[in-house]
Amino acid sequence: MNQIGVALVGCGMVAAVHIAALKEIPAAKICGVWNRTRETMLEFAEKHGVNTYDSYEAMLSDPEVNTVIITLPPALHGDYGLQAASAGKNIIVEKPIDIDPEKADRLIQACRKNNLKMAVIFQNRYTAAAQKVKNALDQGVLGKIILADAYVKWYRSPEYYKSGAWRGTWEIEGGGALITQAIHTIDLIQWFMGGAHSVYGRIKTAFHKIKTEDLGLAIVEYKNGALGVIEGSTAVVPGFKERIEVHGEKGTIVLEGGNIKEWKVEGQRESDFVAGEQISFGDTNSPAISHVNHKAQLEEVLQAFFHNEEPLVNGEEGLKSLQIVKAIYTSSQSGQKILL
Ligand SMILES: NC(=O)c1ccc[n+]([C@@H]2O[C@H](COP(=O)([O-])OP(=O)(O)OC[C@H]3O[C@@H](n4cnc5c(N)ncnc54)[C@H](O)[C@@H]3O)[C@@H](O)[C@H]2O)c1
């Protein structure tokens, strides 16, 4: 495979994870980075040994750049993506796709119209455990699924919320614990269930001095008929590994912290599926994210882009978790069940 030219906009915490991953992908050529704050950009570029652009426009007019990776605060994803799509670039955008589902949809349509590809980062779909669960559920090993629950009882410190002006704001983050932290697990569970049908939700700012929720609950009806709860928080002390529990007529599968914890399925040996602990996510305060799962997703996405195929988490897929989160917010405000 020839190399694909990739450039990054946004030089913050997750951008470093992308650079570490891209450096291990032979098919990726890192063309350069751009950040609004020049000092941040230069510091980042020196630390990671990458080139810089003088402006976003300069990045977009570089013919070597095939794909733009957007690692900016959430509310900027759509606008920066639309600009990239106008310039004829494929797009990889960090989660959430945007904070506004309508803008996200405009981005998806702009890519389709310009014959471009896009992907949304949900790297937790790429763990061996998540793929095993998805395959097993698609093969129907649990029979009819009746109950599917997602629990994200994490903790973030007050300092975490002070570490970026956008954190804990409706305007830029678009929400709190659900849209930023629990969305990974919401994406996974809705993927396992084949999409959500309706949501009844309640959110609260229980602990942190922020404008958005640090606690969110929902009752969800999935398209496959299963019911389930979602609990997402950054206020649970000291923070626990996130869990997904799926119960069907032939048994139960539990994922915890990205590992298979229980595999009690009729006709199958649990020891064939439950491995030792391999992965841990950001349950407690310091979200030191490994680049391993980003690398797996970026590899798959760049392969797909190269062959002009759809990646696993294309725009439409990446939008689904945002729609669920927004429905929880709307439901909490109105007290009504929201149909998706
Ligand atoms: N997939 C994951 O596990 C994961 C982990 C962390 C963050 N994220 C996502 O990545 C995105 C970025 O998060 P982060 O933690 O890296 O944020 P960050 O605050 O560390 O970095 C954001 C960058 O954007 C720049 N920026 C801020 N406002 C800007 C503006 N108005 N115009 C242009 N540039 C601006 C900042 O200078 C900074 O370099 C978010 O959407 C977040 O949800 C994903």
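Asn115 counts as exposed in this predicted model, because its relative accessibility of 60% is over the 50% that the term requires. The residue sits in the loop between helix H5 (101-113) and strand S5 (118-120). Most residues other than glycine have a negative phi. Asn308 also has a positive phi, near 55°, and belongs to the loop between helix H9 (292-306) and helix H10 (315-334). With 46% relative accessibility, Asn308 counts as partly exposed, because that value falls between the 20% and 50% limits.

Two cis peptide bonds can be described next. Most peptide bonds are trans. Lys95 and Pro96 are joined by a cis bond with omega at about -15°, and Pro96 is part of the loop between strand S4 (90-93) and helix H5. A cis bond also joins Val237 to Pro238, with omega at about 0°. Pro238 is placed in the loop between strand S9 (227-233) and strand S10.

Strand S10 covers residues 243-248 and contains Glu245. This glutamate has a relative accessible area of 15% and is therefore buried, the limit being under 20%. Its side chain makes a polar contact of 2.8 Å with the side chain of Arg243.

Two loop residues are buried as well. Val50 lies between helix H2 (38-48) and helix H3 (56-60), and its relative accessible area is 12%. Val33 is 17 residues away from Val50 in sequence, with 7.2 Å between the two C-alpha atoms. Gly174 is located in the loop between helix H7 (158-162) and helix H8, and has a relative accessible area of 2%. Gly174 and Ser157 are 17 residues apart along the chain, and their C-alpha atoms are separated by 19 Å.

The largest nonpolar core has 102 residues, of which Phe192 and Met193 touch the most other members. Helix H8, residues 177-193, gives the most to this core, contributing 10 residues.

Which residues place polar atoms by the oxygen atoms of the ligand? Among them is Asn35, with a polar side-chain atom 2.7 Å from a ligand oxygen. A polar backbone atom of Cys11 is 3.1 Å from an oxygen atom of the ligand. In His184, an N or O atom of the side chain is 3.3 Å from an oxygen atom of the ligand. On its own the ligand has 850 Å² of accessible area, and the protein covers 86% of this.

How values were computed: Residues numbered from 1 in each chain as written. Predicted model: local features only at pLDDT ≥ 70, side-chain atom pairs only at ≥ 80, totals over all residues. Heavy atoms only, no water. Polar contact = N/O pair within 3.5 Å; in protein donor to acceptor, adjacent residues only side chain to side chain. Areas by Shrake-Rupley, 256 points an atom, 1.4 Å probe, with all protein chains shown as cover. Core = buried A, V, L, I, M, F, W, Y, C linked by side-chain atoms within 4.5 Å. Buried < 20%, exposed > 50% of the residue type's maximum accessible area, 1.4 Å probe, protein only. Helix = DSSP H or I, 4+ residues; strand = E, 2+ residues; numbered from the N terminus.
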